[in-house]
Amino acid sequence: MDVANPSNFVRILEIFDNDFLNLKGKMESVSVSDEITAETMREVYAKYDYVLDPHGAVGFYGLRKYLEKNPEKSGFFLETAHPIKFDSVEQIVGTYGETPRIRQRVEIETKR
């Protein structure tokens with residue numbers, strides 16, 4: 001994501017040579033509320049013992065809705081960050097899951 005311009009739609013449209021009708025025929029979207037995001041996070045944790053971050057929950061929910069309409073298809077979703085990055089995760093699910101280890105910075109000397 002370009003943090004200066006967080007809308008990826010412009011870049012996606014460029015992939016389709018700014019031909020919106022061509023894009024529209026190949027892409028679907030879904031609107032996901034905060035409530036649905038939290039519900040999805042709780043459901044996935046209860047069913048799979050997996051802690052989603054909020055962005056991953058939106059991706060999971062969107063994929064599930066797509067597959068409900070297209071059961072002959074398959075797909076995958078990607079997480080964007082560790083759940084510990086989001087304060088809301090522990091409030092929603094009750095845990096952040098396993099906390100990643102903090103790696104120590106290693107200074108490497110180079111000889112010139």
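## Close-ups of a predicted helical model

Of the protein's elements, helix α1 (residues 9-15) comes out with the lowest mean pLDDT, 86, while α3 has the highest, 96. Here pLDDT is the predictor's confidence in each residue, on a scale from 0 to 100, and helices are DSSP runs (H or I, at least four residues) numbered from the N terminus. Averaged over the protein, pLDDT is 86, and 84% of the residues reach 70 or more. This is a predicted model, so local features need pLDDT of at least 70 and side-chain atom pairs count only at pLDDT 80 or more, whereas totals for chains, interfaces and linings use all residues. Residues are numbered from 1 along each chain as its sequence is written, and side-chain values use heavy atoms, with hydrogens and water left out.

**View 1. The largest nonpolar core.** Eleven residues are in it: Met41, Val44, Val51, Leu52, Ala57, Phe60, Ala81, Phe86, Val89, Val93 and Tyr96. A core here is a set of buried Ala, Val, Leu, Ile, Met, Phe, Trp, Tyr and Cys residues joined through side-chain atoms within 4.5 Å. Buried means under 20% relative accessible area, exposed means over 50%, and partly exposed is in between (1.4 Å probe, protein chains only).

**View 2. Around Val89 and Pro54.** Leaving out residues up to four places away in sequence, Val89 touches Met41, Val51, Leu52, Asp53, Pro54, Pro83, Gly94, Thr95 and Tyr96; contact means heavy atoms within 4.5 Å. Pro54 belongs to helix α4 and is buried, because its relative accessible area is 15%. Beyond its neighbours within four places, Pro54 is in contact with Thr37, Met41, Phe86, Ser88 and Val89.

**View 3. Ser88 in helix α5.** Ser88 sits in α5 (residues 87-93), and its 26% relative accessibility makes it partly exposed. Its C-alpha atom is 8.9 Å from that of Ala38, 50 residues apart along the chain.

**View 4. Salt bridges.** The structure has three of them, each a side-chain nitrogen of Lys or Arg within 4 Å of a carboxyl oxygen of Asp or Glu. Lys69 pairs with Glu28 at 3.0 Å, N to O. That pair ties together distant parts of the chain, 41 residues apart: Lys69 is in helix α4, and Glu28 is in the loop between α2 (20-24) and α3. Lys69 is exposed at 59% relative accessible area, while Glu28 is partly exposed at 44%. Glu43 and Arg64 meet at 2.6 Å, N to O, linking helix α3 to helix α4 across 21 residues. Both ends are partly exposed: Glu43 at 33% and Arg64 at 23%. Glu68 and Lys65 have their closest N and O atoms 3.3 Å apart; both lie in helix α4, three residues apart, about one turn of the helix.

**View 5. A nonpolar surface patch.** Phe9, Phe20 and Leu21 make up this one, with about 330 Å² of accessible area together. Areas come from the Shrake-Rupley method with a 1.4 Å probe, and for residues only the protein chains shown count as cover. Patch residues have over 30% relative accessible area and no salt bridge; nonpolar side chains (Val, Leu, Ile, Met, Phe, Trp, Tyr) are joined within 5 Å, like charges within 9 Å. Phe9 is in helix α1 and is partly exposed, at 39%.

Terms used. Helix = DSSP H or I, 4+ residues; strand = E, 2+ residues; numbered from the N terminus.
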